[in-house]
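Open your viewer and get ready to select residues by number.

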Amino acid sequence: AARAIGSEMVRLLQAGGGSGLASAEAWLALTRLAAGVAVTDAPKGDDAAPRAGVEALASLLAHSTHAAASGASAPFAQLWALLLLNAHAAPSAGQCEHAVGLLLQLHARLRAAEPTAGADPPGAWRADWLRVLRGMCSLCLDARVRSRDATLVAMQRALLDADLPPLPPSCWLEAFEHAVFPFLSELLRRWVDSPEPEQERLMLRAVTLLSKTFLHHLSGLLTLPSFHLLWLRALELLESFMRAPNSEMLAEAVPETLKNMLLVIGTSGAFEHKAKLGGTQQDLCQLTVSVVGAMCPQLTSSPDLGWLWGAQHDGAQPEHPTPNNTVAAAPDEAASAVPYGEAPLPVG
């Protein structure tokens, strides 16, 4: 029955039946039906029904203005919750990857529909965007999800995709405070409560995600008056991960990640500013030396980093090492999460 319903829905939508749904309620009702078909637990080797459900969902997202709308009066929050539940409940890895691909496409449409690209977006739009990021974090944390690799790749794309319209630094500050930092904190809490090999691998990739996101948006973040507080919070989390119990992998990987972050921030010139930070008697360089010296003393004495702290060798400034802006990534992070090779959904 599900297979027949899904096939008929695809035919209807391909014939233009979804584009004329002026009512958001009718559109959402049809979307719920398609989502139900998409998570059908099909017999082994026969994924026609869930595939048809995914195709119907993709068509509904592509051909309706309801999918791009945001704000308290729009159905975006309901649609996002529906697609997120679809990803959580997907009975197989393949269906989970298809569901995550739809989430990515909806995120791309939301970003493209930003009413004031480059300026501070309205509060309703920001709320929807943060809802998307937190939802992706919840997928990464859910051990029942069939393809956590795909969800982490989706999270990385949402945070790092340079092809999407730019956002102001204040938005990225909120992304760290309300999505990235809480995600890492919850990962660490779960590891302390119940260490599992798969969880350790996810924690390593999360540290890489934190580093990549911080460095990718560094130039904008440096303009924030509260940058030093953001930097201290990142250092605090890195130290917590480095000292996580029963994890030699993190104890070895985090200092290397931190070293690369220090090199990139140093190359940006941020440590050359000598203005005292609010509430302290230290500039950013001094503050960083004191914190890093306590957590990783080997880094403050490393010859590769001496130039960051104003060290001189034989009266001459040493040659700056080349930072690694890409940061070592787990092998799966280049994998695509877009279902069935679909192109991103159109904005119009």
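This is a predicted model: local features need pLDDT of at least 70, side-chain atom pairs count only at pLDDT 80 or more; totals for chains, interfaces and linings use all residues.

Residues are numbered from 1 along each chain as its sequence is written, and side-chain values use heavy atoms, with hydrogens and water left out.

**Stop 1: α8.** Select residues 169-193, which form helix α8. Helices here are DSSP runs (H or I, at least four residues), numbered from the N terminus. α8 has 25 residues and spans 35 Å from its first C-alpha to its last, close to the expected 36 Å; the expected span is 1.5 Å times one less than the number of residues. Now centre on F176, where α8 has a kink of about 40° (the angle between axes fitted to the seven residues ending there and the seven starting there).

**Stop 2: α8 with α9.** To see the contact (heavy atoms within 4.5 Å), show side chains including F176, F181 and W191 of α8 and M203, L210 and F214 of α9. By class, this contact has 14 nonpolar, 2 polar and 2 charged residues. Ala, Val, Leu, Ile, Met, Phe, Trp, Tyr, Cys and Pro count as nonpolar, Asp, Glu, Lys and Arg as charged, and the others, Gly among them, as polar.

**Stop 3: α6 with α8.** Next, select residues 123-141 for helix α6. α6 and α8 pack at about 20°, with axes 10 Å apart, which makes α6 roughly parallel to α8. Among the residues that meet are R126, W129 and R134 in α6 and W172, E174 and H178 in α8. The contact of α6 with α8 holds 12 nonpolar, 2 polar and 5 charged residues.

**Stop 4: α6 with α7.** Finally, which way does α7 run relative to α6, parallel or antiparallel? Select residues 148-160 to show α7, which packs against α6 at about 155° with axes 8 Å apart. The pair is therefore roughly antiparallel. The contact includes M136 and L139 of α6 and R148, T151 and M155 of α7.

Technical notes
Helices (H or I, at least four residues) and strands (E, at least two) are DSSP runs, numbered from the N terminus. Axes are lines fitted to C-alpha atoms, for helices over the stretch in contact, and angles run from 0 to 180 degrees between N-to-C directions. Angles under 35 degrees count as roughly parallel, over 145 as roughly antiparallel, 65 to 115 as roughly perpendicular and the rest as oblique.
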